[in-house]
Amino acid sequence: MSFKLEPSKDFKKPPGPVCLIIMDGVGIGAEEQYNAWYCAKTPFLDSLRNGKTPKGNIVLNAVVDASGRSVGLPEDSDMGNSEVGHNAFGAGRIYSQGAKLVNESMDSKTFKTGETWKWLLENCKDGKEGTLHLLGLWSDGNVHSHVKHAYALLDAALEEGCKHIRFHILLDGRDVSETSALDYVGPLEKHLASLREKGVDVHIASGGGRMVTTMDRYEADWRIVQRGWLSHVLADTETIRTFSSASEAIQTFRKEENGVIDQFLPPFIIVDNKGSPLGRMKDGDSVILFNFRGDRAIEISTCFDAPEGTFHHFDRGCMPKVRFAGMMQYDGESKIPKHYIVSPPNIERTLGEYLVHNNCRRLSISETQKFGHVTYFFNGNRANKFNEELELYVEIPSSRERENTRPWMKAAEITDSALAAIDEFKPDFVVLNYANGDMVGHTGVYHAAVIAMEAVDVSLSRLVNGIIERNGIAIVSADHGNCETMAEVDKKTGKPVKGNSPEGWKALTSHTTTPVPVMITGYGIEKYEIDESVTWGDANRKKAGIVNVTATCANLLGFEKPKEWLPGLLKPKSL
Ligand SMILES: O=C(O)[C@@H](CO)OP(=O)(O)O
Ligand SMILES: [Mn+2]
Ligand SMILES: [Mn+2]
């Protein structure tokens, strides 16, 4: 099927670039004290939301869905996230996402008929001595993983006569309540103890907080992955602290570092009463990484898959010969990992691919922590470019320090580089991500999140005015909510739940299901208006979604949208 885009009869391409600017983690929330955007001083954003830039340019406004089924998640109660959000921005249509596809495979047990499952169990079932290791994020956050998927794998392994099973659990506190680890670890420890009473050799073997153990992304800090490797694979008790149980590790670390939240708990190894590790991986074992989302799974997958002599990020030591599989294939083009249990969404015919086939130049730019969002996720889970000449990907290195200590992050540097790249590379289309609202939102530190939003506002003002001066168009949106809700909120009263944050509430570190803004301004925008009839496809939910922004970008570039995409948000202004 051709990638030729037809010229639009209603829209004209501007002389300057069409720029999709994604404020990561910024939803339209309640006008309450816990809303960091609402409480921040954001004069530029306020002006956009009121329909005009401070310099008087018209701004078209919409508020659209960015969570639940509008972005391919199982339930409308599912909060949005960057993977599904940037997939949607790039794809222009809704794909069933990892959470949904894995649910279906686990519920129907179809995964058991797959080659990978049989290959994984070959050395571990029917009394064989191989150990099956289950590694992944241990919560029901449903952004990277869900404990129910790991329990389904455990049950299936037991049904097939696996005798030796180990869990390597990454603690969350980012997609779920910030110190909720024991709510997930307690039931696991209880369940495994009951299985041991029936003679199954099953234990938690290692773990650690997800932001310091294993789950790095975009090569921001390979030391995080190395800590995981030392804990889960080598069980290096010289470097990683040992405990008799995961609960003991969590409780000890919390006593030692008052206020530490789960995502930052140090790595640990569980040992028996003689001090030997319960789950060092050995030749003939099998390993399943049960995370379904790719960005924070690719590096550890590479550690297992990379042949001798091709891995240079750290010394993998005496590497056991194991069979490794991911829950999904995280990068279909680079085949990472080689083996996987559930087929990922096959996202194709994205805006990025159409652009290069229509000779449009494209710039993707962000800082490390969101760089893969505007490349890998935006391209449909493919890190590689579609065309070397027509595409420029710019990464501004993120700091490795906790985001609440520098909430401005690299917003200013991204803005400087974007304006310079627009002048030098002359892109037709730009996709840019400001990480602040989300990355600082995830720390749960309210006053830092307020500063984060003020930093975004200052940069946005420079960037949008710069785009208008260059006769371009800016589309300012967000991939999901986060910093607009910095407290856990009592659903009945709408008031924050009491807690021990400096503000007196229980901090919320996760994303939300709030809708997000779409604010469009720049060259020729006065000729268009929002088409209020546009929806993301569900008749009962009379709302558009971020998935309608893709066609909006194509229209503003002067093209008819491809027929397989959902409609854009704009129509010519009725006279
Ligand atoms: O940090 C992450 O991995 C997720 C939350 O788990 O956030 P985002 O989807 O915004 O990248
Ligand atoms: Mn995000
Ligand atoms: Mn996030």
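The points below take up a metal site, a sheet and a few backbone details.

1. A word on the source before anything else: this is a predicted model. Please read each point below with that in mind.

2. Let's begin with the manganese ion (ligand 3). Its coordinating atoms include OD atoms of Asp 438 and the NE2 atoms of His 442 and His 511, at 2.1 to 2.3 Å. Along the sequence, the donor residues follow the spacing D-x3-H-x68-H. Two of these residues, Asp 438 and His 442, are buried.

3. What is the geometry of the site of the manganese ion (ligand 3)? The site is irregular, and the angles among its six donor atoms run from 58 to 169°.

4. Eight strands form an open sheet with mixed pairing, in the order 6-7-5-4-3-8-9-10. Strand 6 (242-243) and strand 10 (340-342) each have a single partner strand, so they stand at the edges with one side lacking a neighbour in the sheet.

5. Within that order, I would pick out strand 5 (residues 201-209) and strand 7 (residues 268-270). These two pair in the antiparallel sense, over two bridges. If you want a place to look, Gly 207 has Phe 268 of strand 7 as its bridge partner.

6. Now to the backbone. Most peptide bonds are trans, and most residues other than glycine have a negative phi. Against that background, the bond joining Ile 336 and Pro 337 is worth a look: the peptide is cis, with omega about -10°. Pro 337 lies in the loop between strand 9 (323-328) and strand 10.

7. Which value does phi take at Ala 235? It is near 45°, a positive value in a residue that is not glycine. Ala 235 sits in the loop between helix 8 (222-233) and strand 6. With a relative accessible area of 1%, Ala 235 is buried.

8. Asn 381 also deserves a check. This residue is not a glycine, yet its phi is positive, at about 65°. You will find Asn 381 in the loop between helix 13 (373-377) and strand 12 (391-396). Is Asn 381 buried or exposed? Its relative accessibility is 9%, so Asn 381 counts as buried.

How values were computed
Residues are numbered from 1 along each chain as its sequence is written. Chains are lettered from A and ligands numbered from 1 in the order in which they are written. This is a predicted model: local features need pLDDT of at least 70, side-chain atom pairs count only at pLDDT 80 or more; totals for chains, interfaces and linings use all residues. Side-chain values use heavy atoms; hydrogens and water are left out. Donors are N, O and S atoms within 2.8 Å of the metal (3.2 Å for Na, K and Ca); water is not among the atoms, so sites may look incomplete. Four donors count as tetrahedral if all angles lie between 85 and 135 degrees; four count as square planar and six as octahedral if opposite donors are over 155 degrees apart and all others between 65 and 115; anything else is irregular. Buried means under 20% relative accessible area, exposed over 50%, partly exposed in between (1.4 Å probe, protein chains only). Two strands pair if DSSP finds at least two bridges between them. Helices (H or I, at least four residues) and strands (E, at least two) are DSSP runs, numbered from the N terminus.
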